[in-house]
Amino acid sequence: MDAWPLITQLLPDLRAYARTLADTAQDAEDLVGDAIERTIRSDTYPRELASLRPWMFRTIRNLAFDELRKRRVRREYAAGLARLEGAGQTQGLSVEDSALVRRAFEGLNGREREILFLVDVMGFSYAEAASVLEVPKGTVMSRLSRARRAFIERVDPTRKGDKSVQGKQT
């Protein structure tokens, strides 16, 4: 059975529900559109109106929460970058040096960037970072030490092999 006739019956309710979850009317329409697209593409959607209705409401709810999570992650990332750039500015870095720091950070491997971001940019404690990464606290400490050393070597190649990089104790 084609889903579209059932979906058209549900549209007013779907739109009303999406409006309660979304910030704007356009965001609500996007949620409904995405839910309809997922339903039409799915081979397993319910074929009866009574079952399809809650299924589509759950789809809209899940899409809305996914979007909220994405926004939160983007906001946290932007705040972390602002802190990183702000820290550079308080240390009197020029625009060129600030760009060098950013390039050095982006040039690290994924594991190094992740640990530096969590601890040095976002301010997570070792225990918090360990929880996020699902590794022991000691692993966080050793990864952080190596990542800081790699970062410093990228910023200042003359310090290659410098073991004096000290981390904060948390």
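Mentor: Arginine 41 counts as exposed, at 65% relative accessibility (over 50% is exposed, under 20% buried and in between partly exposed, with a 1.4 Å probe and protein chains only). The model is predicted, so local features need pLDDT of at least 70 and side-chain atom pairs count only at pLDDT 80 or more, whereas totals for chains, interfaces and linings use all residues. Residues are numbered from 1 along each chain as its sequence is written, and side-chain values use heavy atoms, with hydrogens and water left out.

Arginine 41 forms a salt bridge with glutamate 37, their closest N and O atoms lying 3.1 Å apart (a side-chain nitrogen of Lys or Arg within 4 Å of a carboxyl oxygen of Asp or Glu). Both residues belong to helix H2, 4 residues apart, about one turn of the helix (helices are DSSP runs of H or I with at least four residues, numbered from the N terminus). Glutamate 37 is partly exposed, with a relative accessible area of 39%.

The whole structure has 4 salt bridges. Another of them joins glutamate 29 to arginine 15, with closest N and O atoms 3.2 Å apart. This pair links distant parts of the chain, since glutamate 29 is in helix H2 and arginine 15 in helix H1, 14 residues apart. Glutamate 29 is partly exposed at 33%, and arginine 15 is partly exposed at 32%.

A pocket is an open set of points on a 1 Å grid over the protein atoms alone where a 1.4 Å probe fits, with protein on both sides within 12 Å along at least five of seven lines; lining residues have an atom within 4 Å of a point. Of its 15 lining residues, the closest to the centre are Leu31, Leu63, Ala64, Glu67 and Arg71. H3 gives the largest share of the lining, 7 residues. By class, the lining has 6 nonpolar, no polar and 9 charged residues (Asp, Glu, Lys and Arg are charged; Ala, Val, Leu, Ile, Met, Phe, Trp, Tyr, Cys and Pro nonpolar; the others, Gly among them, polar).

Terms used
Helices (H or I, at least four residues) and strands (E, at least two) are DSSP runs, numbered from the N terminus.
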